[in-house]
Amino acid sequence: MSKKYDCIKRSSSQMTTSDGSWLGWFHSLPVNTFLCRVPDDFLKYSLNLTDLEPQVPNFDRALDIILDTEFDKESGFNSMETDVKESTHLYGLIHARYLLTPDGINDMCLKYKRGDFGSCPRIHCEGQFVLPVGLADNFGESRVKVYCPRCQDVYQPYKCCTMLDGAIFGSSFPHLFFMQWPQLRPQPPTRKYTPRLYGFKLHKSALLPPPTESPSDNNDNSSSKAKVGTPPALDLSKKVPPPTPLN
């Protein structure tokens, strides 16, 4: 089986349904549509959690919630469990690491090919599928965006996903994705919008904004106006010396 279709087979086995676990409930929320489910063995391997404990209060309890297989979505967390925000934050940190692994990229391959992340809003990209990307790798700095591999620009995602933190995906994910799947990288757009007026192509200079005046220009203009203005009135209070007689 080719690598192209193998990604679909691998990801299909890890498609998430609400199975009664915390992970099943978490991934069933519309806001988390972009996320792929991190396997339990990855979550339980201690090396994958290195340096995460100082970043999350009540780290151990938050991890226990993530691994909970009998989460009651009706009653929520019981009194022995920590706040959902802490477990969500921890899972986001782990998710960002998982996406940098070959298995994580393979799991996102099916979602990409199905168009789960949406398509580029640019007309000449012709509905090119996009990938989620973060503009920063630190949590709390920016929300998730989507990256178009055809025009190589970023855009706002689905409205339901706009509140996701961009660090859940990181700034490197889409580029690592196409390094692992170079055959999925599209060709650049061949067409570009051409501004026209009554059918005639506009010159580039007609599309530029007017030049802005610098503070020095404003000072020069004000000083020149002062020079050209009305001359000052004569001070008649001063005595004028008498004229010198001619010899």
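Student: Which residue of β2 stands opposite L131?

Tutor: Y147 of β2 is the residue facing L131. A word on the source: this is a predicted model, where local features need pLDDT of at least 70 and side-chain atom pairs pLDDT 80 or more, while totals for chains, interfaces and linings use all residues. Residues are numbered from 1 along each chain as its sequence is written, and side-chain values use heavy atoms, with hydrogens and water left out.

Student: Why are β1 and β3 called edge strands?

Tutor: The open sheet has three strands in the order β1-β2-β3, with antiparallel pairing. β1 and β3 each pair on one side only, and that makes them the edges. On average, neighbouring strands of this sheet are turned by 45° against each other, direction ignored. Helix α7 packs on this sheet and touches β1 and β2, its direction making about 140° with that of β1.

Student: How are the residues of β2 placed, buried or exposed?

Tutor: In β2 (residues 145–148), K145 and Y147 point one way, V146 and C148 the other, and all are buried. Buried means under 20% relative accessible area, with exposed over 50% and partly exposed in between (1.4 Å probe, protein chains only). For the protein chain of 247 residues, 36% count as buried.

Student: Why are α6 and α7 called roughly perpendicular?

Tutor: The axes of α6 (residues 102–114) and α7 (residues 173–180) come within 10 Å and cross at roughly 90°. Angles of 65 to 115 degrees count as roughly perpendicular, under 35 as roughly parallel, over 145 as roughly antiparallel and the rest as oblique. The two helices are therefore roughly perpendicular to each other.

Student: Which residues of α6 and α7 meet?

Tutor: P102, I105, N106, M108, C109 and Y112 of α6 meet F173, L176, F177, F178 and Q180 of α7. By class, these are nine nonpolar, two polar and no charged residues. Nonpolar covers Ala, Val, Leu, Ile, Met, Phe, Trp, Tyr, Cys and Pro, charged covers Asp, Glu, Lys and Arg, and the others, Gly among them, are polar.

Student: What makes the crossing of α4 and α5 roughly perpendicular?

Tutor: The axes of α4 (residues 59–66) and α5 (residues 84–98) come within 8 Å and cross at roughly 80°. That makes α4 roughly perpendicular to α5. F59, A62, L63, I65 and I66 of α4 make the contact with E86, S87, L90 and Y91 of α5. This contact has seven nonpolar, one polar and one charged residues.

Student: How many helices and strands are there in the protein chain?

Tutor: Eight helices and five strands. Helices (H or I, at least four residues) and strands (E, at least two) are DSSP runs, numbered from the N terminus. As for contacts (heavy atoms within 4.5 Å), 62% of those between residues at least 6 apart in sequence join residues at least 24 apart.

Key. Pairing = 2+ DSSP bridges. Axes fitted to C-alpha atoms, helices over the stretch in contact; angles between N-to-C directions.
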